[in-house]
Amino acid sequence: MADSKTSAITRKELIELLNEDLSREYQAVIAYVTYSQVIKGAKYMTIAAELEVHAGEELAHALTLAGQIDYLGGTPTVVAKAVKTSDKPDDMLRFDLDNENETIKNYRIRVRQCEDLGEYAVAEKIRGILVQEQDHQIALANALGVNVPDVAKWNEQA
């Protein structure tokens with residue numbers, strides 16, 4: 001299979017990569033559902049409510065990806081990536097931020113791969129997901145009191 005950082009891939013390889021993305025969306029749904037319910041403390045109540053919203057958005061992303069995988073002739077995966085857990089709210093938020101960073105990096109690559117294959121509509125669907133993932137990234141970075149990672153560096157590496 002072509003390196004996921006290059007865009008010269010086949011339709012079959014794109015399906016495989018989209019299924020990896022789908023596994024990450026399932027992971028996000030599980031993490032956001034769990035974290036939103038177990039994060040405790042007054043300073044976390046606002047972000048806990050936001051995580052509930054993120055869970056619904058991640059489910060919508062999973063449905064979109066599954067539909068695009070089916071459109072491309074593949075079968076959507078049913079396996080989620082592993083979810084990290086912790087008793088510490090900041091750790092949970094950091095896990096989420098790390099996952100969002102990875103997701104954004106992959107979707108930026110995926111958009112180019114789709115376009116190189118002439119799958120412009122699939123690329124547009126992923127762009128829509130990417131907008132929400134970046135919003136999640138910003139919310140999590142703000143909750144942690146850290147800067148949002150410089151995504152321009154990812155373009156250079158991709």
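The radius of gyration here is taken over C-alpha atoms, and the globule rule is 2.2 Å times the number of residues to the power 0.38. With 158 residues, that rule puts a compact globule near 15 Å; the chain has 16 Å, which agrees.

Before going on, this is a predicted model, where local features need pLDDT of at least 70, side-chain atom pairs count only at pLDDT 80 or more, and totals for chains, interfaces and linings use all residues. Residues are numbered from 1 along each chain as its sequence is written, and side-chain values use heavy atoms, with hydrogens and water left out.

Now the overall fold. There are 5 helices and 0 strands in the chain, taken as DSSP runs, H or I of at least four residues for helices and E of at least two for strands, numbered from the N terminus. The C-alpha atoms fill a box of roughly 50 × 30 × 25 Å along the principal axes. Of contacts (heavy atoms within 4.5 Å) between residues at least 6 apart in sequence, 78% join residues at least 24 apart. Buried residues, meaning under 20% relative accessible area with a 1.4 Å probe and protein chains only, make up 44% of the 158.

What is the nearest side chain of opposite charge to E13? It is K12, 8.2 Å away; Lys and Arg count as positive, Asp and Glu as negative, with His and the chain ends not counted. A polar atom of the E13 side chain does lie 2.8 Å from the backbone nitrogen of T10.

Notes
Buried means under 20% relative accessible area, exposed over 50%, partly exposed in between (1.4 Å probe, protein chains only). A salt bridge is a side-chain nitrogen of Lys or Arg within 4 Å of a carboxyl oxygen of Asp or Glu. A polar contact is a pair of N or O atoms within 3.5 Å; within protein, one must be able to donate a hydrogen and the other to accept it, and residues adjacent in sequence count only if both atoms are side-chain atoms.
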